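User: Can you walk me through this model? I'd like to go over packing and pockets.

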Amino acid sequence: MSLTKKSEFNKNKIKVLIKRLEEKYGEVECYLSHRNAFELLTAVILSAQCTDERVNLVTPALFSRYPSPQKLALAKLTDLENVIKSCGFYKNKAKNLKAMAERLVSQHNSEVPDTMEELVALAGVGRKTANVVLGQWFKKSAGVVVDTHVSRISRLLGLTNEKTPEKIELDLNKLIPRKYWDIFSLWLIAHGRETCIARRPRCEGCMLSDICGFRELG
């Protein structure tokens, strides 16, 4: 399926969309378990092409063994790989995690930086990961986080015709008021898990069906 045309989302329609999502899902918390910025950053890096549930199963042992950037920077790659193996792409993720920790130690006094520029300079960190850390931990919204749920549902709704996360983010940043950037992503993720399921969307009874562009798909 492909989006044949983009629904027109004016300010009133955006208000309706946000109001319904807020009423349904409210204050959704980040799905990745974490206690500090370092744990959140690590968890988001692990979550690439992996479910949050799986990451949450892996991180307790990971953080117990490597509770700080200093410890992670000194990790043996083979040991680190064994701990995160079930997350998929574990060899590349292990290299990125170790390199990320080494840079935190050498360049940032073992602290996670709070700017987009500094975050994306870390191994394994792109805009999505940086947006999550900035928004969820530092409360500095730099843009809407675009994961697979957000990408799919924003296209179905007609909020964007774009296919890459970077371009989808640009469209969403223009449409969604800045104060909702962080929570909007969590709302769409919740909606994707509960109602707008990828392989079997429950359109009947969906609170967004009357403003959704899904009917325009062919």
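Predicted model: local features only at pLDDT ≥ 70, side-chain atom pairs only at ≥ 80, totals over all residues.

User: Which residues touch the most other members of the largest nonpolar core?

Analyst: Leu41, Leu72, Ile84 and Met100, in a core of 38 residues. A nonpolar core is a set of buried Ala, Val, Leu, Ile, Met, Phe, Trp, Tyr and Cys residues joined through side-chain atoms within 4.5 Å. Buried means under 20% relative accessible area, with a 1.4 Å probe and protein chains only.

User: Which helix gives the largest share of this core?

Analyst: α2, with eight residues. Helices are DSSP runs (H or I, at least four residues), numbered from the N terminus.

User: And what is Leu41 in contact with, leaving aside neighbours within four places in sequence?

Analyst: Met100, Leu104, Val112, Leu122, Val125, Thr129 and Val133. Contact means heavy atoms within 4.5 Å. There is also a second, separate core of 30 residues, which includes Leu17, Leu21, Val144 and Tyr180.

User: Switching to α9. How many of its residues are buried?

Analyst: Seven of 10, in a helix that spans residues 148–157. Among them are Val150, Ile153 and Arg155. The buried residues pack against α1, α10 and α11.

User: What happens at the two ends of α9?

Analyst: At the start, a side-chain oxygen of Asp147 comes within 3.1 Å of the backbone nitrogen of His149. Just after the helix, Gly158 has a positive phi of about 95°.

User: Pockets next. How much space lies in the largest pocket?

Analyst: About 600 Å³. A pocket is an open set of points on a 1 Å grid over the protein atoms alone, where a 1.4 Å probe fits, with protein on both sides within 12 Å along at least five of seven lines; lining residues have an atom within 4 Å of a point. The volume is the space filled by probe spheres set on the points.

User: Which lining residues are closest to its centre?

Analyst: Ser47, Cys50, Asp52, Lys128 and Asp147, out of 25. The largest share of that lining, five residues, comes from α11.

User: And the second largest pocket?

Analyst: That one holds about 210 Å³. Its lining includes Ser47, Phe89 and Lys128. α6 supplies the largest share, three residues.

Note on methods
Residues numbered from 1 in each chain as written. Heavy atoms only, no water. Buried < 20%, exposed > 50% of the residue type's maximum accessible area, 1.4 Å probe, protein only. Polar contact = N/O pair within 3.5 Å; in protein donor to acceptor, adjacent residues only side chain to side chain.
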